[in-house]
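I opened this notebook to record what I looked up in one structure. The entries follow in the order in which I made them.

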Amino acid sequence: MTASFSAPGKAILFGEHAVVYGQPAIAVPLPQLRARALIRPLDSPLKIIAEGAPGRRGIQDPLQKMAEITQQQLGLPRLNGEITIQSQIPIASGLGSGAAVSAAIGRAAAALAGTTIRDEVLNSLVYEIEKLHHGKPSGIDNSVIVFERPLYFRTGYQPEFLRINAPLRLLVADSGVAALTRDAVAHVQRLLQRQPDFAREALQRIGNLVESARRCLEAGEQARLGQLMCENHALLRALGLSSPALDVLVAAALAGGALGAKLSGAGMGGNIIALTPAAAAVDVEQRLMRAGAVTVISASIGGEQRQA
Ligand code: PMV
């Protein structure tokens, strides 16, 4: 018998990096992109197999560790069997691959022992594993991935689930350049030491944008939302978090009729997201591919059902 447990990728709509310094941020799940963990109960001690997935340096340990801390937290007996990971989420590209794999393993490990894990408990365990990957994460990735709902997030507070008034059509375009979150976060930390006034003001302005974006999302004001995405991208760029490849993709999306576009996640590589009306989707996608995107994923956010 096998059964499968999963968690989605995610995109940060607004507020990445500023969220590390206490500002709010908004993130959405990408249910179409998933990490899955297949379980096979056996009599032998737990083995985790990463199939065509992570390739992330040192990933094997975090995978084992996630199963281990789930077992400890739930007070389970020693786990037996196999967990096979299959992930569609590109790694090191700001789409939450690591957190999604951890979340899927937590659910699978509980299932191997014949039980389930509550989202609140799973969220705190995935956060522990995120810390192994990049020091002091804000916690936004694990929260949006475990709860699989659009959320307004501020470190130290309960995530607030957002009601998105009009469905958001996003195109997610991968620059093909892998970048480590920890490097981008360290870059901002250095900038705060060297140019504190400049960096602090930019982070504060990003936080202010997030508040406006929340109102637009709830009111369904997509044109304004798009403008705010461009403003957020400009601030991230000023902080040195964009790259020529990402800027070219943002410009291509806007030229094709996207309402707004920005890098998403840690930056310096990875993905951009473009808010794209249905009528412009084909043109924007073609332009993104011509501008160097290695993949373009289409996602519709709002009103989606959670998958098994
Ligand atoms: O890991 P990524 O690329 O999704 O980026 C995480 C977002 C940051 O704000 C840069 C870091 C954090 O811990 O929130």
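I began with a definition: a salt bridge is a side-chain nitrogen of Lys or Arg within 4 Å of a carboxyl oxygen of Asp or Glu. By that rule I found that the structure holds 13 salt bridges. I noted that the model is predicted, that local features need pLDDT of at least 70 and side-chain atom pairs pLDDT 80 or more, and that totals for chains, interfaces and linings use all residues. Residues are numbered from 1 along each chain as its sequence is written, and side-chain values use heavy atoms, with hydrogens and water left out.

**Domains.** I looked up how the protein chain is divided, and found domain 1 (3-161) and domain 2 (168-301); the bounds come from an automatic or database domain assignment. Their centres, taken over C-alpha atoms, are 24 Å apart. The contact (heavy atoms within 4.5 Å) takes 29 residues from domain 1 and 43 residues from domain 2.

**Buried area.** I took this as the accessible area (1.4 Å probe) that two parts lose on being put together, summed over both. Domain 1 and domain 2 bury about 2800 Å² between them, with 67% of it on carbon and sulfur atoms. Which three residues supply more than any other three of the area that domain 1 buries against domain 2? I recorded Phe14, His17 and Tyr21, which supply 24%.

**Salt bridges.** I found two across the interface of domain 1 and domain 2. I also looked up the salt bridge in which the side chains of glutamate 16 and lysine 262 meet, at 2.9 Å, N to O.

**Helices.** Helices are DSSP runs (H or I, at least four residues), and strands are likewise DSSP runs (E, at least two), numbered from the N terminus. Helix α5 (residues 181-194) and helix α6 (residues 196-219) pack at about 125 degrees, their axes 5 Å apart. I noted that axes are lines fitted to C-alpha atoms, for helices over the stretch in contact, and angles run from 0 to 180 degrees between N-to-C directions.
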